[in-house]
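Have a glance at the model first, then read on.

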Amino acid sequence: MKLFLDTAIVDEVREAASWGILGGVTTNPTLVMKSGRKFKEVVIEICNLVDGPVSAEVTSEKAEDMMKEAREFVTWHENIVVKFPMTEEGMKAVSQASKEGIKSNVTLVFTPNQALVAARAGATMVSPFVGRLDDIKEDGMQVVREIVEIFCIYEIETKVLAASIRHPEHVRQAALAGADYCTMPFSVMKELFKHPLTDAGLKKFAEDWAKAKK
Ligand code: G3P
C-alpha cells in the first residue's frame with residue numbers, strides 16, 4: 001500500500017517527500033481553502049515535489065463543465081489525477097475522462113456499490129471515506145475491505161484509495177484490507193514513525209554511548 005498525504009500545505013508535502021515515503025497527494029476544496037493559497041499554484045507546486053498521483057478536484061455540477069475543468073487541470077502537470085464526485089453527472093464525466101485518457105479519482109464513496117459503479121464508469125481509483133463513516137457509527141474500514149474483495153473477485157483494475165483517515169490504526173487496517181493507497185493528514189503520517197520503545201531505546205543508547213570508552 002502506498003502512503004499518500006491528504007493536504008494542500010506545500011511544506012508538509014516537501015517534508016514527507018524528503019523522507020522518501022511519499023507515494024502521492026490528495027487535495028480537496030476544503031484543504032485548499034485551509035491552505036489560504038490559490039488552487040492552481042498549490043497543485044502545481046505539489047506536483048513538482050511528488051513522483052506519483054496528485055488529485056485535484058472538480059467543483060462543477062454538470063458533466064460537461066467537470067470535463068472542462070478536468071481538461072484544464074491535466075495541462076498543468078503529468079501527475080494530475082482529476083477527482084470527480086460520486087454522482088450521475090460525475091460518472092458521466094469519469095466515463096468521458098476515461099475515453100480521453102484522463103486519470104480519475106472518484107471521491108465521496110461510502111458504499112461498495114458506489115465503488116463498483118465508479119469502477120464500471122472507468123475510474124482509475126476510488127476513495128472510500130473511512131473516518132466519515134466511523135463518525136456516524138458505521139464501520140468505514142469494512143467498506144474498504146468489501147471494495148477490495150469485489151475488485152479482486154471481478155479482476156477490476158480500479159485502485160482503492162482509503163481516505164478520510166484519522167489515526168495510525170486506520171492505516172494499519174487499510175494495509176491489511178489490501179487497499180492500494182492510503183491518504184492521510186501529515187500528523188497521522190508522522191505518527192507512523194513513532195513507538196515509545198523506539199524513543200526509550202534511543203535515549204538509552206545515547207546515554208550508554210556517552211559513558212562508553214571511545
Ligand atoms: O480528501 C478526502 C478525505 O480524505 C477527507 O477526509 O478527514 O475531511 O473526512 P476528512
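A polar contact here is a pair of N or O atoms within 3.5 Å.

| Residue | Distance from a polar side-chain atom to a ligand oxygen atom |
|---|---|
| Asn 28 | 3.0 Å |
| Arg 132 | 2.6 Å |

The ligand has 310 Å² of accessible area on its own, and the protein covers 83% of that (Shrake-Rupley method, 1.4 Å probe).

This is a predicted model, where local features need pLDDT of at least 70, side-chain atom pairs count only at pLDDT 80 or more, and totals for chains, interfaces and linings use all residues. Residues are numbered from 1 along each chain as its sequence is written, and side-chain values use heavy atoms, with hydrogens and water left out.

Who else is around the ligand? Asp 6, Asn 28, Lys 83, Phe 129, Arg 132, Ala 163, Ser 164 and Arg 166, each with a heavy atom within 4 Å of it. By class, that shell has four charged, two polar and two nonpolar residues (Asp, Glu, Lys and Arg count as charged; Ala, Val, Leu, Ile, Met, Phe, Trp, Tyr, Cys and Pro as nonpolar; the others, Gly among them, as polar).

Technical notes: A polar contact is a pair of N or O atoms within 3.5 Å; within protein, one must be able to donate a hydrogen and the other to accept it, and residues adjacent in sequence count only if both atoms are side-chain atoms.
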